Amino acid sequence: MLKLALKPGDSVTIGKDISVKLVEKTGSTARLLIDAPMEYKIERHKTERETGKIYIVGSK
């Protein structure tokens, strides 16, 4: 696993096809833009603080 510190406007490229850009950081919320081919499934996961359980919140 890779852990990065990004500032708004910074981006990360994964392979040749995927780009992730940090658009905005406000408090504990970060807004990301993800550019990837349609054949990749992108899911957002949420971790429940009390139990540590991970839930899939949405996918496109």
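Tutor: Let us begin with Leu 32, which is placed in strand β3. Strands (E, at least two residues) and helices (H or I, at least four) are DSSP runs, numbered from the N terminus. Please note that this is a predicted model, in which local features need pLDDT of at least 70 and side-chain atom pairs count only at pLDDT 80 or more, while totals for chains, interfaces and linings use all residues. Residues are numbered from 1 along each chain as its sequence is written, and side-chain values use heavy atoms, with hydrogens and water left out.

Student: Is Leu 32 buried, partly exposed or exposed, and what do these words mean?

Tutor: Buried means under 20% relative accessible area, exposed means over 50%, and partly exposed lies in between (1.4 Å probe, protein chains only). Leu 32 has 48% relative accessibility, so it counts as partly exposed. Asp 35, also in strand β3, is exposed because its relative accessible area is 53%.

Student: What is the C-alpha separation of Asp 35 and Ile 18?

Tutor: Their C-alpha atoms are separated by 5.6 Å, although the two residues are 17 apart along the chain. For Leu 32 and Asp 10, 22 residues apart along the chain, the C-alpha separation is 10 Å.

Student: Which residues make the nonpolar surface patch?

Tutor: A patch is made of residues with over 30% relative accessible area and no salt bridge; like charges are joined within 9 Å, and nonpolar side chains (Val, Leu, Ile, Met, Phe, Trp, Tyr) within 5 Å. Accessible areas come from the Shrake-Rupley method with a 1.4 Å probe, and for residues only the protein chains shown count as cover. Here Leu 32, Ile 34, Tyr 40 and Ile 42 make a nonpolar patch of about 350 Å². Ile 42 belongs to the loop between β3 and β4 (43-47), and it is partly exposed because its relative accessible area is 33%.

Student: Which residues line the second largest pocket?

Tutor: On a 1 Å grid over the protein atoms alone, a pocket is an open set of points where a 1.4 Å probe fits, with protein on both sides within 12 Å along at least five of seven lines; lining residues have an atom within 4 Å of a point. In this model the lining consists of Leu 6, Ile 14, Ile 18, Val 20, Leu 22, Leu 32 and Ile 34.

Student: Is Lys 41 buried or exposed?

Tutor: Lys 41 is exposed, because its relative accessible area is 62%. Glu 43, at 30% relative accessibility, counts as partly exposed.

Terms used:
Salt bridge = Lys/Arg side-chain N within 4 Å of Asp/Glu carboxyl O.
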